[in-house]
Amino acid sequence: MDSKRDPMPVDRHSRVLDDWEPMGAQLTARKLGKADSTALGDLYSQSRGLLMQNPAFPSASSGNDSVWYGVFNGTELRLAVPLIPRPLRLGMQSLQSPLFSPFGGLLTHDHDNLQTGGKAERFWRDHLGALHEVLSGEADRIELLFPPFVSDLRTLAWKGWSLRPHYNCVTTWEKDSEWRTACESSVRRQAKKAEQNELAASVIDASETKDLEALWTLNAEKQKLDPGLSQNIAQLGSWLNDQQQGFGVTVRDVDAQPHAAGLFGYDEHRVYYLAGASDPAHLGSGAPTLLHFSVLSEIERQGLPRHYDWVGANTQQVVRFKRGFNPRLEVLFAATLESRRWRALQTTKRLVS
């Protein structure tokens, strides 16, 4: 959490929802500050412990401007969500879930009892409603990407948020090398082609991101990426290395030139493909396929969870590549709230285009 961001005055950011019937004490919601660090850490200790739920992950992946918003039941922090400020056109601002993540780092307690049933419905109704109250008006565009265990977003829809599916791919397996036989033959041929081209993959420390940073910057313009995010990759890699929860993979040719590189993180449940890039001058070398073959092999070698999260499958080009590994499709939900000013700007753009 950014130490420079203290809580806003109570009259703006701490609102009591008098017209609701929350469980126990009345719910309040506000922006979190330095004084809430202990409560945030306590809530994390009660969570599933996913990598992006770690309170330090948003700052590590997205820079030091991350902010947290929390919902309290009395004095107890019951739900918290990190958001990243990003500039929009004409001086407007957005808030979004952290970068390099398959879903936002929403924190709650007691996950297993918040899936179905009346208790779960009341929890999400009350707590998401409180979250809406504090977020409404905070930015011109707010987007929350929810984790797989949260699907009841009806309260947000009733409050004016738009909901859409967000697709992800996940590869799971039990027996050694079972992931390899599950791949399409064309994928196996690409990996073999890479080896015939004398490419070799090496597993490196997560902090060794220089090749990935260079390839990311090289691809930025063509793939409409922010070249400045290479600095975020370096920061995230360093943090993962300190946490001992990540590694990198680089594919090089015989001249030690990188053809593909990736950064990967893990927790007790999943291994995540957080960032990757390949050299556009060598698109047919098979390097990206060899990269992921090496990652899947490394998961087995290290005894990590055999649950590989590809972190997104929402564009045709990405889907075509990942489909060849025969992963399972996972559907998450994204919720977006837009101001009238931002909607008016988008309408104007459509009319003049």
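## Ground rules

Because the model is predicted, local features need pLDDT of at least 70 and side-chain atom pairs count only at pLDDT 80 or more, while totals for chains, interfaces and linings use all residues. Residues are numbered from 1 along each chain as its sequence is written, and side-chain values use heavy atoms, with hydrogens and water left out.

## The nonpolar core

Let's start inside. A nonpolar core is a set of buried Ala, Val, Leu, Ile, Met, Phe, Trp, Tyr and Cys residues joined through side-chain atoms within 4.5 Å. Buried means under 20% relative accessible area, exposed means over 50%, and partly exposed is in between (1.4 Å probe, protein chains only). The largest core here has 84 residues, and Tyr69, Leu131, Leu135, Phe146, Leu236 and Tyr308 have the most contacts inside it. Apart from it lies another core of 8 residues, including Leu40 and Phe72. In soluble globular proteins, nonpolar side chains tend to be buried together.

Take Tyr69 as an example. Leaving aside neighbours within four places in sequence, its contacts (heavy atoms within 4.5 Å) include Arg30, Leu95, Leu131, Leu135 and Glu138.

Helices (H or I, at least four residues) and strands (E, at least two) are DSSP runs, numbered from the N terminus. Two strands pair if DSSP finds at least two bridges between them.

Strand E6 (residues 141–145) has 4 of its 5 residues buried, so it is largely enclosed by the rest of the structure. E6 runs parallel to strand E4 (residues 93–96), with 3 bridges joining them, and Leu95 stands opposite Ile142. E6 also pairs with strand E13 (residues 328–338), this time in the antiparallel sense over 5 bridges. There, the bridge partner of Ile142 is Leu337.

How many residues of E10 are buried? It's 9 of the 9, so E10 is largely enclosed by the rest of the structure. E10 pairs antiparallel with E9 over 7 bridges, and Phe247 has Phe264 in E10 as its bridge partner. On to strand E11 (residues 271–278): E10 pairs with it in the antiparallel sense over 7 bridges, and a hairpin joins E10 to E11 through 4 residues.

## Two loop residues to look up

The hairpin of E9 and E10 has 5 residues between the strands, and Ala256 in the turn has a positive phi of about 65°. Ala256 is partly exposed, at 47% relative accessibility.

Gln244 has a positive phi too, about 55°, although it is not a glycine. Gln244 sits in the loop between helix H9 (229–243) and strand E9 (246–252) and is exposed, with a relative accessible area of 65%.
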